[in-house]
Amino acid sequence: MTYIGRFAPSPSGRLHFGSVVAALGSYLRAKSLNGKWLIRIEDLDTPRCPPETTDIILQELDALGLKSDGEILIQSHRKKIYEQALRTLLDERQAFFCTCTRAQLTKRPCHCYLETKENLPHASIRFKPLRGYAPSFHDELQGDIKVNLPDKFITLKRSDGIIAYNLACVTDDALCNVTEIVRGSDLIDVTPIQISLFKALHHKIPDFLHLPLALEANGCKLSKQNHAPAIFDLFTPQEIFIRALIFLGQDTSKINSNASLQTIIDYAVINFNLDKIPLSSQSV
């Protein structure tokens, strides 16, 4: 079976170094296995994702030589598909309409799942796993991982109508036949939730591989929310690529920084070594 990987950035800002590490790690893993690598733009949270940022991110990935092997998916164009997935979960009683406010949920647990509610305006839709909800999973880099499961139901569609990350992510990974999800270790905690959603939607569960995070000096994750600098404002594409390779523990001893980007990419793919990737996140 052909290996299929993906990179799925949220266009809430330009690429920073942490984004590049996730993109490059997933790309090298796919290409080293003679597989395909896809790009997906996760822009469903429209208040946080200006439309123009999508084009900028795609341009920056292209400048790094990281090109999708298939159609670039834009999640905001796929809302009907996510609604169909919601319908499946509602019909099979694994999702329910919830009218609880945030203030109410801080005072008492939600009991909306005990009632039959249909098509309520301004209600959220939440996930109630009925089977296969386990705290442990195997990670291709980190080994067996156990996380604390959330003590509340998971929102699949917000009361403002926005489809939530977990549902869209699982649906797209399944429909694109992604065989392994390579991403940052900040998403380890949601992996059991997503595995449960794969099962609930009757999809095959992919493998998972979580990469170390790039951290600021204070230990916080490099992120757009923390105003991480746009990496293209600091370095050339070749410099960015080499710095990300070093962060991922890959051999750069025979890479000339004056070489063409394609030469660097070809060397990195041929010499990619999963065992060299550090397990722990590190500051940059």
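Contact here means heavy atoms within 4.5 Å, and helices (H or I, at least four residues) are DSSP runs numbered from the N terminus. This is a predicted model, in which local features need pLDDT of at least 70, side-chain atom pairs count only at pLDDT 80 or more, and totals for chains, interfaces and linings use all residues. Residues are numbered from 1 along each chain as its sequence is written, and side-chain values use heavy atoms, with hydrogens and water left out.

**Helix packing**

Two packed helices are described by the angle between their axes and the distance between the axes. Axes are lines fitted to C-alpha atoms over the stretch in contact, and angles run from 0 to 180 degrees between N-to-C directions.

| Helix pair | Angle | Axis distance |
|---|---|---|
| H7 (residues 237–247) and H8 (residues 261–270) | roughly 15° | within 10 Å |
| H5 (residues 165–175) and H6 (residues 191–200) | roughly 55° | within 10 Å |
| H3 (residues 79–91) and H5 | about 105° | 10 Å |

Angles under 35 degrees count as roughly parallel, over 145 as roughly antiparallel, 65 to 115 as roughly perpendicular and the rest as oblique. H7 is therefore roughly parallel to H8, and their crossing is left-handed (the near helix is turned anticlockwise from the far one by less than a right angle; clockwise is right-handed). From H7, the contact takes in Pro237, Gln238, Phe241, Ile242 and Leu245; from H8, Leu261, Ile264, Ile265 and Ala268. This contact has 8 nonpolar, 1 polar and no charged residues. Ala, Val, Leu, Ile, Met, Phe, Trp, Tyr, Cys and Pro count as nonpolar, Asp, Glu, Lys and Arg as charged, and the others, Gly among them, as polar.

H5 is oblique to H6, with a right-handed crossing. On the H5 side are Tyr165, Asn166, Leu167, Cys169, Val170, Asp173 and Ala174, which meet Ile193, Gln194, Leu197 and Phe198 of H6. By class, 8 of these residues are nonpolar, 2 polar and 1 charged.

H5 also packs against H3, and the two are roughly perpendicular to each other. Ile81, Tyr82, Ala85, Leu86 and Leu89 of H3 contact Leu167, Ala168, Thr171, Asp172 and Leu175 of H5. The contact comprises 8 nonpolar, 1 polar and 1 charged residue.

**Second largest pocket**

A pocket is an open set of points on a 1 Å grid over the protein atoms alone, where a 1.4 Å probe fits, with protein on both sides within 12 Å along at least five of seven lines; lining residues have an atom within 4 Å of a point. The second largest pocket holds about 220 Å³ of space, the volume being that filled by probe spheres set on the points, which are joined across faces, edges and corners. It is lined by 13 residues, and Met1, Asn177, Val178, Thr179 and Lys204 are the closest to its centre. The lining has 7 nonpolar, 4 polar and 2 charged residues.
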